Amino acid sequence: MLGGLSETEVRAESDPKLGEAVAVVEHLRLQVPQESREHWMVAERGSWEPWLKQQPGFLGRDLFWDPATEEGTLLIRWSSREEWKSISMEEVQTVQERFEMLAREQTGQRQGNPFPLVFEGELFPQ
């Protein structure tokens, strides 16, 4: 998926909480051009990061960037699928709008989402 770790830059945003079992991992991929990597991180830190830390069931997340595809991959760990999916779409949309506003400010883009979603899925531990 991300190529070899030796070829993929990895940036972890938080450590998993020790002793808490991960029930599901939210898996997202975004288009993140090389020249906008730091802009992406600023937008993440100003929107999703503080909001996620307040959500019941949130255990942590890891952010990766693949130079071959110029995609960011987010792996967000949840203690239960029910807690993750109980978050209202209205609340998610509010945070997404803040993320896009910050991303536009950082990149100078006037409208739209500078870092569009290219994949969304979930992973389960075995």
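A search of the whole structure, which is a predicted model, finds four aromatic pairs, where rings of Phe, Tyr and Trp (its six-membered ring) pair if their centres lie within 6.5 Å, and planes under 30 degrees apart count as stacked, over 60 as edge-to-face and the rest as tilted. In one of them, the rings of Phe58 and Trp78 have centres 5.8 Å apart and planes at 70°, so this pair is edge-to-face. Because Phe58 belongs to strand E3 (residues 58–66) and Trp78 to strand E4 (residues 71–78), the pair ties together parts that are 20 residues apart in sequence; strands are DSSP runs of E with at least two residues, helices runs of H or I with at least four, both numbered from the N terminus. Trp78 also forms a stacked pair with Trp84, at 6.4 Å centre to centre and 10° between the planes.

In helix H1 (residues 37–46), His39, Trp40, Val42, Ala43, Glu44 and Gly46 meet Arg98, Phe99, Leu102, Ala103, Gln106 and Thr107 in H4, contact meaning heavy atoms within 4.5 Å.

Residues are numbered from 1 along each chain as its sequence is written. In this predicted model local features need pLDDT of at least 70, side-chain atom pairs count only at pLDDT 80 or more, totals for chains, interfaces and linings use all residues, and side-chain values use heavy atoms, with hydrogens and water left out.
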